[in-house]
Amino acid sequence: MSRRGLVAGNWKMNGLTGAADTLVGGILKGLEQRKGKNICEVLVCPPFTAIQAVGKKIAGSAVKLGGQNMSEHKPGAHTGEITGQMLTDIGCTYVILGHSERRSMYGEDSQLVARKMVAAYRDGLTPIVCIGETLQERESGKTLDVIRDQVSAIFPNLPADEAKRQQLVLAYEPVWAIGTGKTATPEQAQEVHAFIRKMLVDQLGNDTASKVRILYGGSVKPDNAAIIFSKPDVDGGLIGGAALKAEDFLGIIDGFQG
Ligand code: PEP
């Protein structure tokens, strides 16, 4: 595979500074033990309040730092929001956008997610754009239509710069698999990932499409990671619950070892 695998931990609204310190300490220790092994890129996305402390702890390591959300707006009167620049200022290089919890609980639609993506690129961040169908949509045979709509919304908003387009990360997260213990089968994941890859080829051409990474998210655990990651269009994972335990997160990272 020409794409480097990426395992990203979305800590969601979990972790006071002490717990965040313990968690990232455990991840760093485990990675140290794996030194010299061919492991994937590793990203942690702590809650905003812990980003800076976690950033200090991972300084000098290969672990990358990301935010879980950001505003579409430039600095100004937006109480409670943060800009992408604020994330880069404290060492973030990635930002998760359009997570299903943001879409379902905070009314984020694909147009807003696309505008946030523009702002993320502008502020020097690599966007991880989440997409995925609900159980009802899957059961009524609408999975690929939903994915088509969600992915199509971002194309007109991608930067013209080829290198930036190639940085884009998409995360296919079936809503019914997030935090439920129900995982898509490797075949279900591959079917949707291949569909997304084809859309990328049609819209952006072979070269760019072959570089964009598509992560799978939804109840990935150490015991199912390797089989899901073995699928040709699955380039890594966006991990929720299992990212909160260093041992589990490391077990998922091990799913990428050759
Ligand atoms: C997520 O929230 O992005 C996620 C995939 O959660 P979980 O791994 O807990 O299903």
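Start at the second largest pocket, which has a volume of about 270 Å³. Keep in mind that this is a predicted model.

**Stop 1: the second largest pocket.** Select Leu-31, Glu-32, Ile-39, Ser-61 and Ala-62. Of the 16 lining residues, these lie nearest the pocket's centre. Now colour helix 1 (17–33) and strand 2 (41–45), the elements that each give two or more residues to this lining. Helix 1 gives the most, with 3 residues. By class, the lining holds 7 nonpolar, 2 polar and 7 charged residues.

**Stop 2: the largest pocket.** Move on to the largest pocket, with a volume of about 510 Å³. Its lining counts 19 residues. Select Lys-12, Met-13, Gln-68, Arg-102 and Tyr-106 to find those nearest the centre. Then show helix 4 (residues 100–105), which supplies the largest share of the lining, 3 residues.

**Stop 3: the ligand.** Keep Lys-12 selected.

Which atoms face the ligand's oxygens at Lys-12, Gly-179 and Ser-219? At Lys-12, a side-chain N or O atom is 2.5 Å from a ligand oxygen. At Gly-179, a backbone N or O atom lies 2.7 Å from an oxygen of the ligand. At Ser-219, a polar backbone atom is 2.7 Å from a ligand oxygen. Finish with a surface view: the protein covers 97% of the 290 Å² of accessible area that the ligand has on its own.

Methods
Residues numbered from 1 in each chain as written. Predicted model: local features only at pLDDT ≥ 70, side-chain atom pairs only at ≥ 80, totals over all residues. Heavy atoms only, no water. Polar contact = N/O pair within 3.5 Å; in protein donor to acceptor, adjacent residues only side chain to side chain. Areas by Shrake-Rupley, 256 points an atom, 1.4 Å probe, with all protein chains shown as cover. 1 Å grid on protein atoms, 1.4 Å probe; cavity = no way out; pocket = protein on both sides within 12 Å on 5 of 7 lines; lining within 4 Å. Points joined across faces, edges and corners; volume = space filled by probe spheres on them. Helix = DSSP H or I, 4+ residues; strand = E, 2+ residues; numbered from the N terminus. Nonpolar A, V, L, I, M, F, W, Y, C, P; charged D, E, K, R; others polar.
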